[in-house]
Amino acid sequence: MTFTPRSEPVSVVQLADALTALGLYGGAGTIAEHTMEAARLGGDGPYRMRLANALLGAAQVEVMLAESCATTAEDLAAAHREQLVTAGVADDPDKLTGFLRSQARAWPTWAAIRGTRCATW
C-alpha cells in the first residue's frame, strides 16, 4: 500500500463524502447544507473540525475492529506504522511528537464528558 501524506487540509465536502462512504453521514451533502451548518456552528473552522473528528472516530472504531483479529505482533506493528506513514510523521521525531500530543489532547475532554479522571492526569 502506498499513501501520500496531505500538505493541505481537505474540504468539508470531502470530509462529508468520506463519512457518506462509510454510511455515517445522513445529510444531502449539498453546498447549501454545508453553508448552513457552518453558520450554525460558528464558521467553516468549527464545522470542518467536527466533521474531521467524526471521521476520526469512525476510523478509530474500524481500527479497533480490525486489530481485534491481528494474527501476529509484527502484523500489528506494521499496521500501526501505516498510520504514522499516512500522517507523514513516521520518520520525523518532532512531527511524531506533535501527532501523538494531538491524539492525547482528546482524552481529558473525553474524561470530562464521562465525569471520570484518569489516574495519570
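## Ground rules

Residues are numbered from 1 along each chain as its sequence is written, and side-chain values use heavy atoms, without hydrogens or water. In this predicted model, local features need pLDDT of at least 70 and side-chain atom pairs pLDDT 80 or more, while totals for chains, interfaces and linings use all residues.

## The largest pocket

Let's begin with the largest pocket, which has a volume of about 2000 Å³. (A pocket is an open set of points on a 1 Å grid where a 1.4 Å probe fits, with protein on both sides within 12 Å along at least five of seven lines; lining residues have an atom within 4 Å of a point. The volume is the space filled by probe spheres set on the points, which are joined across faces, edges and corners.)

Its lining counts 42 residues, and Ala52, Leu56, Ala59, Phe99 and Gln103 lie nearest the centre. Two or more lining residues come from each of α1 (12-21), α3, α4 and α5 (helices are DSSP runs of H or I, at least four residues, numbered from the N terminus). Helix α3 gives the largest share, 14 residues.

## Met64 on α3

Helix α3 (residues 44-67) also holds Met64. With a relative accessible area of 57%, Met64 is exposed (over 50%, using a 1.4 Å probe and protein chains only).

## Asp91 in a loop

Where is Asp91? Asp91 sits in the loop between α4 (73-87) and α5 (93-114). This residue is exposed too, at 68%. The Asp91 side chain makes a polar contact of 3.3 Å with that of Arg81 (a pair of N or O atoms within 3.5 Å, one able to donate a hydrogen and the other to accept it; residues adjacent in sequence count only if both atoms are side-chain atoms).

Methods:
Buried < 20%, exposed > 50% of the residue type's maximum accessible area, 1.4 Å probe, protein only.
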